[in-house]
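Dear colleague,

I am passing on the structure below, together with some notes on what was found in it. Please read the notes with the coordinates open beside you.

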Amino acid sequence: MGHKRFPLFVDLTGRTAVVIGGGMVGLRRAEALRDFGAAVTVVSPALASPAEGLRHIPRGYVPGDLAGAYLAVAAAGDPAVNEAAGREARELGIFFNRADCPEDCDFFFPALCQGGGMVAGLAGDGSNHRRTAETARMIREILKNCEEDT
């Protein structure tokens, strides 16, 4: 069983977030950050699909890319790139999430559930992803019903 994770809700409005990697995982995380108000830059030679409202730097990660960021996400297909981004984030005191290595993360992406003016984030301990996804689906349904009641 993994470590218990403290649910911390942060206002990202206008804060800079850098995502290393433009594949499906990187884009999903970039879009979630954007949807919560962050100014998101994606550093990646290519994007898995077009994405609105994101700044794209079309090249691979280089040290210095995280300068000025509030938080960073490494979701490159190369573990060495993700590790290098993690070193830079720690040196700069930036909150860091690494898609391929939970042990190297300062924060985790929850299953996001929204509706009725509320946001819930659900994170499991990593032992049963299916149970976490099913529970998130149930919470989304409850929040959807809250919207209908308003």
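**Notes on the model**

L8 lies in the segment before β1, where helices (H or I, at least four residues) and strands (E, at least two) are DSSP runs numbered from the N terminus. This is a predicted model, in which local features need pLDDT of at least 70 and side-chain atom pairs count only at pLDDT 80 or more, while totals for chains, interfaces and linings use all residues. Residues are numbered from 1 along each chain as its sequence is written, and side-chain values use heavy atoms, with hydrogens and water left out.

At 57% relative accessibility, L8 counts as exposed (buried means under 20% relative accessible area, exposed over 50%, partly exposed in between, with a 1.4 Å probe and protein chains only).

T41, in strand β2 (residues 39-43), is by contrast buried, with a relative accessible area of 9%. Its neighbours in contact (heavy atoms within 4.5 Å) are A17, V18, V19, R55 and I57, leaving aside residues up to four places away in sequence.

Helix α2 (residues 79-92) has 14 residues and should span 20 Å at 1.5 Å a residue, which agrees with the 20 Å between its end C-alpha atoms; the expected span is 1.5 Å times one less than the number of residues. The buried residues of α2 are N82, A84, A85, G86, E88 and A89, and they pack against β1 (16-20), β4 (71-74) and β5 (95-98). After α2 comes G93, whose phi is positive, near 70°.

An α-helix has 3.6 residues a turn, so residues three or four places apart point the same way. R87 counts as partly exposed at 41% relative accessibility, and E83 as partly exposed at 38%.

The count of salt bridges comes to 7, and R90, R98, D100 and D104 are linked in a network of them. R98 is buried, at 10% relative accessibility, and its salt bridge with D100 has closest N and O atoms 2.6 Å apart, whereas the one between R98 and D104 is 3.3 Å, N to O.

Definitions and conventions: Salt bridge = Lys/Arg side-chain N within 4 Å of Asp/Glu carboxyl O.
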